[in-house]
Amino acid sequence: MEIRSARRLHRPARAETSAPRSSLGARLGSAGRIQFRDLCYDVLAGSSTNDEHTLLKGPMSKISADSNVNKHGLSRHIPSEIRRTIRQGCGFGCVICGAALYQYEHINPEFQDAVAHDPARMALLCAQCHDKVTRRRLSKESVDAARKNPKCLQQGYTRDFLACGDNGEILLNLGPIVTIGCKRILRILGDDVLWVNPPEVPGGPARLNAMFQNAGGEAICEIVDNEIRVRKTNWDVEIVGPELTIRNGAGDIALVFRSEAGHSMRIERLRMRHRSVEVLIQKDGLLEFGASNTFRQQLSGSMFFHTESCVEVFQDHLRIGGNSILRPGTM
Ligand SMILES: [Zn+2]
């Protein structure tokens, strides 16, 4: 899900012929080879590295192709606290377009000239906007201006589109609950919390919708017809590989949502309150519901296939699959 990069291709002969050429490189032909090589990246989907790009890189001689430090001895690795500060300052998405998939960038000065990872001089940029800068279709001044007024802070959220709903149905795991092609996955006190709308046109994708809140009952994230929107008011939002994590504070996880191509989407961790009802999915994988002083119920696993209504939570009980009413305890 996340595309991070950092390693330059340092096999000139192969890179220049097999890697996709930028229009700039193609236009310049042989005269542009050195510059084109500078524009090449080894894209690592789901990489766990914390390296970053730099914008409009200069000649290869400025930084050794194999080096992880620049001429000032600054490592490409960005400490986690600094990355969090950058995320918070940018509203958790690309400063230009608001996309939730991003890279950490030195904008002024560029990495090759930087003496420190200064959050105020760094920004989040998505791959597409970064590419526009690299191709000089977007100026560095525009990035500077966007860093001062990030898109996500303007619109209130960062966003991404979920590639899901193929074959007209959604595959989603809510903790231990497996749902395939279901309509109403979770409903609490009469409010839809997790549900699926049918395709808008024949052959189109089914559309996932969700309203996630934190343990204090504040909205943290919505999914609107497969577009996930994460609020800027969160303490931290991090995407690593296919996994989105929202935290209320250090070590305080509100949501872990995993969306990996070829697999069902998974809500792996959740700690939310909707009105008087608490919903909990912890490391043990159990799904737990509770309402203040009235009941507490754990579910260890169920599968729903093309079910109209999977889990409904009332003030004092649960309804599973539209007709089973559970007694307090674990099933
Ligand atoms: Zn962007």
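What percentage of the residues of the protein count as buried?

Guide: In this predicted model, 34% of the 331 residues of the protein count as buried. The secondary structure consists of 7 helices and 25 strands. Among the contacts in the protein with a separation of 6 or more, 60% are between residues 24 or more positions apart.

Let us now turn to the loops. One of them lies between strand E4 (103-106) and strand E5 (122-125), and Pro-109 has its place there. The peptide bond leading from Asn-108 to Pro-109 is cis, its omega being near 0°.

Another loop joins the discussion through Arg-136, which is found between helix H5 (127-134) and helix H6 (140-148). Arg-136 is a residue other than glycine, yet its phi is positive, near 65°. As for its surroundings, Arg-136 has 11 C-beta neighbours inside 10 Å; because a residue with 12 or fewer is exposed, Arg-136 counts as exposed.

A further loop, between strand E12 (219-224) and strand E13 (227-231), holds Asn-226. Asn-226 is not a glycine either, and its phi is positive at about 75°. Within 10 Å of Asn-226 there are 19 other C-beta atoms. A residue is buried at 20 or more and exposed at 12 or fewer, so Asn-226 is classed as partly exposed.

Definitions and conventions: Residues numbered from 1 in each chain as written. Predicted model: local features only at pLDDT ≥ 70, side-chain atom pairs only at ≥ 80, totals over all residues. Helix = DSSP H or I, 4+ residues; strand = E, 2+ residues; numbered from the N terminus. Contact = placed C-beta atoms within 7 Å.
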